[in-house]
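Let's take a walk through this structure together. Have the sequence and the 3D view ready, and we'll go piece by piece.

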Amino acid sequence: MPFDPLLFFAGAGNGDLFALLPGLRRPDVFVGNHEDDSRIWVAPSLDKYLERWLTGQIKL
């Protein structure tokens with residue numbers, strides 16, 4: 001997945017960045033791994049991302 005369509009909105013504290021794909025009408029949240037340049041799906045929406053991040057369900 002290229003960086004161009006991604007809208008980065010938060011950092012994980014380890015160099016990884018969380019992003020949305022606003023132009024594709026997908027509410028999914030991805031995390032960009034800074035070490036291997038991969039993108040991983042982490043949540044189906046921003047509110048689920050916040051819930052999972054705040055409860056420690058997202059492990060990086």
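First, some ground rules. This is a predicted model, so to speak of local features a pLDDT of at least 70 is needed, side-chain atom pairs count only at pLDDT 80 or more, and totals for chains, interfaces and linings use all residues. Residues are numbered from 1 along each chain as its sequence is written, and side-chain values use heavy atoms, with hydrogens and water left out.

Let's start with strand 3, residues 26-32. Helices (H or I, at least four residues) and strands (E, at least two) are DSSP runs here, numbered from the N terminus. Five of the seven residues in strand 3 are buried, so the rest of the structure largely encloses this strand. As for the word itself, buried means under 20% relative accessible area, exposed means over 50%, and partly exposed is in between (1.4 Å probe, protein chains only).

Strand 3 has partners too. Two strands pair if DSSP finds at least two bridges between them. Strand 2 (residues 17-21) pairs with strand 3 in the antiparallel sense, over five bridges, and L21 stands opposite R26 of strand 3. Strand 3 and strand 4 also run antiparallel, joined by four bridges. Look there for F30, whose bridge partner in strand 4 is W41.

Now for the turn between them. D37 is not a glycine, yet its phi is positive, at about 60 degrees.

D37 also has a charged partner. A salt bridge is a side-chain nitrogen of Lys or Arg within 4 Å of a carboxyl oxygen of Asp or Glu, and the structure holds two of them. In one, R39 joins D37, with the closest N and O atoms 3.2 Å apart. R39 counts as buried at 17% relative accessibility, while D37 is partly exposed at 47%. In another, the side chains of K48 and E51 meet at 3.7 Å, N to O. K48 and E51 are three residues apart in helix 1, so about one helical turn separates them. Both ends are partly exposed, K48 with a relative accessible area of 34% and E51 with 40%.

Next, the rings. Rings of Phe, Tyr and Trp (its six-membered ring) pair if their centres lie within 6.5 Å; planes under 30 degrees apart count as stacked, over 60 as edge-to-face and the rest as tilted. A search of the whole structure turns up four aromatic pairs. One of them is F9 with Y49, edge-to-face, at 5.2 Å centre to centre and 90 degrees between the planes. F9 is in strand 1 (residues 7-11) and Y49 in helix 1 (residues 46-54), so this pair ties together parts that are 40 residues apart in sequence. Y49 is buried, at 4% relative accessible area, whereas F9 is partly exposed at 34%.

F18 and W53 make another pair: their ring centres are 5.1 Å apart and their planes at 70 degrees, so they too are edge-to-face. This pair links distant parts of the chain, strand 2 for F18 and helix 1 for W53, 35 residues apart. F18 is buried, with 0% relative accessible area, and W53 is partly exposed at 31%. Ring pairs link F9, F18, Y49 and W53 into a cluster.

While you're at helix 1, look at L46, which lies in it. L46 and D28 are 18 residues apart in sequence and 7.1 Å apart in space, C-alpha to C-alpha. Beyond its neighbours within four places in sequence, L46 is in contact (heavy atoms within 4.5 Å) with F9, P27 and V29.

Which loop holds D16? That residue is found between strand 1 and strand 2. D16 is buried yet has no salt bridge, and R39, the nearest side chain of opposite charge, is 9.4 Å away. For charges, Lys and Arg count as positive and Asp and Glu as negative; His and the chain ends are not counted. Still, the side chain of D16 makes a polar contact with the side chain of H34, at 2.7 Å. A polar contact is a pair of N or O atoms within 3.5 Å; within protein, one must be able to donate a hydrogen and the other to accept it, and residues adjacent in sequence count only if both atoms are side-chain atoms.
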